[in-house]
Amino acid sequence: MRLLNDMFSVSKWSDDRIQIQMNAGHPIYQAHFPGNPITPGVCIVKIIGELLGQMFKCDVSLTKIVNLKFIAPISPVSYPAIDIVWTAAEKNAEEVKAKGAIMSNDKMLTKFSLVFNEVK
């Protein structure tokens, strides 16, 4: 299940930052949680993976969470636009590694360091 262009869409793309728009009407938010939608952690990781796949033109699968800290809930109502800010994103022969943060203006919402494998 792809979330790109369904649960979120890309509005701005630069080398070190991708701004996305969250879709508050997505069915996931009807269950998580009705009246107070919060983006599930698994979806946050999936969004990062899909963006890395777009960046490196490959499909990826999560293999290791080095660090993942949810600092504030990501609500599509409170934060309809968020930025994924890369401090490192690299691909070698077998792995895609990413470090960074999810931000809204100057507020950090999530901090991550993740390792993915390319799906062949």
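## Exercises on a predicted fold

At 35% relative accessibility, lysine 97 falls in the partly exposed class. Keep that residue in mind; it comes back in Exercise 4. The coordinates come from a predicted model, so let's work through it piece by piece.

### Exercise 1: Overall layout

Work out which elements the protein chain has and what order they run in.

Step 1. Start with the tally: 2 helices and 6 strands.

Step 2. Now walk from the N terminus, and you get β-β-α-α-β-β-β-β.

Step 3. Check the dimensions. The C-alpha trace spans about 45 × 30 × 25 Å along its principal axes. For 120 residues, a compact globule would have a radius of gyration near 14 Å, and the protein chain agrees with its 14 Å.

Step 4. Look at how the chain packs. Of the contacts between residues at least 6 apart in sequence, 62% join residues at least 24 apart. As for cover, 42% of the 120 residues count as buried. The accessible surface comes to about 6,700 Å², with 50% of that belonging to carbon and sulfur atoms.

### Exercise 2: The aromatic pair

Find the aromatic pair and classify its geometry as stacked, tilted or edge-to-face.

Step 1. The count comes to 1 aromatic pair. Its partners are tryptophan 86 and phenylalanine 112, with ring centres 5.9 Å apart and 85 degrees between the planes.

Step 2. Angles over 60 degrees count as edge-to-face, and that is the class of this pair.

Step 3. Tryptophan 86 sits in strand E4 (residues 81-91) and phenylalanine 112 in strand E6 (residues 107-119), so the pair ties together parts that are 26 residues apart in sequence.

Step 4. Both tryptophan 86 and phenylalanine 112 are buried.

### Exercise 3: A serine in a loop

Decide whether serine 75 is buried or exposed, and list what it touches beyond its sequence neighbours.

Step 1. Serine 75 belongs to the loop between strand E3 (59-70) and E4.

Step 2. Its relative accessibility is 6%; buried means under 20%, so serine 75 counts as buried.

Step 3. Set aside neighbours within four places in sequence, and serine 75 is in contact with Pro37, Ile38 and Pro80.

### Exercise 4: Salt bridges

Step 1. The structure holds 5 salt bridges. One of them joins the side chains of arginine 2 and aspartate 59, at 2.7 Å from N to O. Arginine 2 lies in the segment before strand E1 (8-13) and aspartate 59 in strand E3, so to speak distant parts of the chain, 57 residues apart. Arginine 2 is partly exposed at 49%, and aspartate 59 is partly exposed at 40%.

Step 2. Lysine 91 pairs with glutamate 118, their closest N and O atoms being 3.0 Å apart. This pair also links distant parts of the chain: lysine 91 is in strand E4 and glutamate 118 in strand E6, 27 residues apart. Lysine 91 has a relative accessible area of 34% and glutamate 118 has 24%.

Step 3. Glutamate 95 is partly exposed, at 27% relative accessibility.

### Exercise 5: Cysteines

How many disulfides does the structure hold?

Step 1. The count is 0.

Step 2. Now look at accessibility. Cysteine 43 is buried, at 8% relative accessible area, and cysteine 58 is buried too, at 9%.

Definitions and conventions: Residues are numbered from 1 along each chain as its sequence is written. This is a predicted model: local features need pLDDT of at least 70, side-chain atom pairs count only at pLDDT 80 or more; totals for chains, interfaces and linings use all residues. Side-chain values use heavy atoms; hydrogens and water are left out. A disulfide is a pair of cysteine sulfur atoms within 2.5 Å. Buried means under 20% relative accessible area, exposed over 50%, partly exposed in between (1.4 Å probe, protein chains only). Rings of Phe, Tyr and Trp (its six-membered ring) pair if their centres lie within 6.5 Å; planes under 30 degrees apart count as stacked, over 60 as edge-to-face and the rest as tilted. Helices (H or I, at least four residues) and strands (E, at least two) are DSSP runs, numbered from the N terminus. Contact means heavy atoms within 4.5 Å. The radius of gyration is taken over C-alpha atoms; the globule rule is 2.2 Å times the number of residues to the power 0.38. Accessible areas come from the Shrake-Rupley method with a 1.4 Å probe; for residues, only the protein chains shown count as cover. A salt bridge is a side-chain nitrogen of Lys or Arg within 4 Å of a carboxyl oxygen of Asp or Glu.
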